Amino acid sequence: MFDWLIVGAGFAGSVLAERLATQRGDKVLVIDKRNHIAGNAYDRHDAAGVLMHQYGPHIFHTNSEAVFEYLSTFTEWRPYEHRVLAQVDGQLLPVPINRTTINKLYGLHLSSDEQVEAFLATQAEPVQEIRTSEDVVVSRVGRELYEKFFRGYTRKQWGVDPSELDKSVTARVPTRTSEDDRYFTDRFQYMPAQGYTRMFERMLNHANIKIMLNTRFEEVRNFIPFRRLIFTGPVDEFFGFRHGHLPYRSLRFKHVTLDKPWHQPVGVVNYPQTEDYTRVTEYKHLTGQEHQKTTLTYEYSASDGEPYYPVPRPENAILYQKYEALADAEENVWFVGRLATYRYYNMDQVVGQALATFRRIEAAFPAKGGT
Ligand code: FAD
């Protein structure tokens with residue numbers, strides 16, 4: 001009899017497995033339908049020996065010292081500040097849009113925050129009520145920058161025009177008046193020195209944790225004896241889609257290894273105007289690996305396939321609330337992580353959510369004793 005069955009070996013499931021096993025001495029079985037641990041953060045050395053990310057680039061960044069310290073138990077870190085360029089009008093320009101982007105695009109020499117702010121003010125269009133992604137961007141930087149940087153990219157990524165998407169989608173994309181070209185501004189910006197999978201291996205390496213891969217929850221839910229369940233898969237799947245499917249946007253990845261050391265100047269290049277793919281990642285920028293070859297991932301958005309991004313529309317939030325009510329009514333089942341709570345979370349947020357869930361479990365059931 002396991003104390004816990006944990007469905008999903010991503011951040012949500014693995015953090016909880018580690019906490020329950022080491023802090024309480026609980027016996028835990030972690031299952032995953034995939035043939036590997038680490039969920040979407042899974043990385044591996046490909047046939048050429050280049051460390052790459054199977055499910056697209058994962059860059060760790062957080063403002064939470066608690067999350068950073070917790071993960072530091074399982075990995076050393078490599079400092080890495082992510083930079084992204086967008087190919088626009090034949091040039092590679094920094095995103096988020098910053099002073100350099102505007103100077104290069106318009107042949108200007110703006111030299112202060114105030115000058116850039118004043119320039120953007122001349123471009124911005126007044127919008128009465130900000131409801132959609134288009135409204136957010138047009139009201140901040142104007143229609144021309146919106147068309148060049150956001151419209152095509154968003155259409156590719158979401159399959160709909162930004163005017164039909166909730167404002168929250170582009171609210172995440174800041175615009176800067178400085179020359180700061182870092183993609184993230186968080187306090188802690190690092191990559192796990194030996195990769196994510198190695199970090200997960202260390203997290204799950206405990207006598208009380210058993211792992212079963214290639215195993216779907218539905219296959220084993222009636223056969224494996226367990227007291228309590230942590231579910232990190234899709235919440236609508238757990239309830240047999242009884243209220244319908246929660247809509248997701250999916251992705252296809254094309255991984256390519258080139259027989260040359262470098263392909264592009266930064267880790268990620270976005271293609272808002274041309275090409276079928278949204279972006280190209282070159283992993284050696286992220287990992288710091290030295291190798292004569294280089295591996296890239298071309299990322300294509302898709303309407304069907306593995307669930308990746310919850311589609312942020314009001315009707316979907318209402319549908320999720322129905323599943324959330326069912327989840328709340330379940331006894332001895334915890335729903336944790338991006339799929340079980342139908343929300344786009346960064347890795348650090350999922351770790352934070354899992355640690356908070358552990359504290360709630362501790363409060364509800366006092367521990368047997370740690371190991
Ligand atoms: P997952 O990692 O998805 O783990 C869930 C696991 O459950 C999966 O392994 C799945 O196989 C398994 N599972 C599901 N259903 C079942 C079932 N029925 N039976 C058995 N197993 C099941 N975050 C960042 O912080 N920085 C980034 O740069 C970043 N980049 C990203 C890029 C892309 C393309 C995507 C899609 C996400 C990115 N994220 C990034 C977000 C990050 O991937 C998530 O925060 C993280 O993976 C969430 O962990 P999780 O455990 O909730 O889910």
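1. Between domain 1 and domain 2 of this predicted model, the count of salt bridges is 1. Glu164 and Arg313 form a salt bridge in which the closest N and O atoms lie 4.0 Å apart. The cut-off matters for this pair, because a salt bridge is defined by a side-chain nitrogen of Lys or Arg within 4 Å of a carboxyl oxygen of Asp or Glu. As for polar contacts across the interface of the two domains, the rule finds 1 residue pair, with both residues at pLDDT 80 or more.

2. Domain 1 is made up of 2–44 + 190–247 + 310–364, and domain 2 covers 98–171. Their centres, taken over C-alpha atoms, are separated by 37 Å. Contact between them involves 4 residues of domain 1 and 5 residues of domain 2.

3. The area buried between domain 1 and domain 2 is about 380 Å², and 61% of it is on carbon and sulfur atoms. On the domain 1 side, the residues that lose the most area to domain 2 are Val311, Pro312 and Arg313, which together account for 86% of what that side buries. Arg313 is also a partner in the salt bridge with Glu164.

4. For the structure as a whole, the number of salt bridges is 27. One of them joins Glu65 to Arg187, with 3.3 Å between the closest N and O atoms. Side chains of opposite charge can pair when their charged atoms come close.

5. Within the antiparallel sheet, β5 is joined to strand β9 (residues 188–192) by 3 bridges. His61 is placed opposite Gln189 in β9.

6. The parallel sheet is also open, with 5 strands in the order β10-β2-β1-β11-β17. Its edges are β10 (209–212) and β17 (333–335); each has a single partner strand, so one side of each is left without a neighbour in the sheet. Here the twist averages 20° from one strand to the next.

7. In the parallel sheet, strand β11 (residues 226–231) runs parallel to β17, and 3 bridges join the two. Phe231 stands opposite Phe335 in β17.

8. An antiparallel pairing of 5 bridges connects strand β7 (residues 84–88) with strand β8 (residues 91–95). Ala86 has Leu93 in β8 as its bridge partner. The hairpin of β7 and β8 has 2 residues between the strands, and Asp89 in this hairpin takes a positive phi near 50°.

9. Pro96 is in the loop between β8 and α3 (99–106).

10. A positive phi in a residue other than glycine is also found at Phe241, where the value is near 55°. Phe241 belongs to the loop between α9 (235–238) and β12 (248–258).

11. Gly159 lies in the loop between α5 (133–158) and α6 (168–171). With neighbours within four places in sequence left aside, Gly159 is in contact with Thr154 and Arg249. From C-alpha to C-alpha, Gly159 and His82 are 26 Å apart in space, and they are 77 residues apart in sequence.

Methods
Residues are numbered from 1 along each chain as its sequence is written. This is a predicted model: local features need pLDDT of at least 70, side-chain atom pairs count only at pLDDT 80 or more; totals for chains, interfaces and linings use all residues. Side-chain values use heavy atoms; hydrogens and water are left out. Two strands pair if DSSP finds at least two bridges between them. Helices (H or I, at least four residues) and strands (E, at least two) are DSSP runs, numbered from the N terminus. Domain bounds come from an automatic or database domain assignment. Contact means heavy atoms within 4.5 Å. Buried area is the accessible area (1.4 Å probe) that two parts lose on being put together, summed over both. A polar contact is a pair of N or O atoms within 3.5 Å; within protein, one must be able to donate a hydrogen and the other to accept it, and residues adjacent in sequence count only if both atoms are side-chain atoms. Axes are lines fitted to C-alpha atoms, for helices over the stretch in contact, and angles run from 0 to 180 degrees between N-to-C directions.
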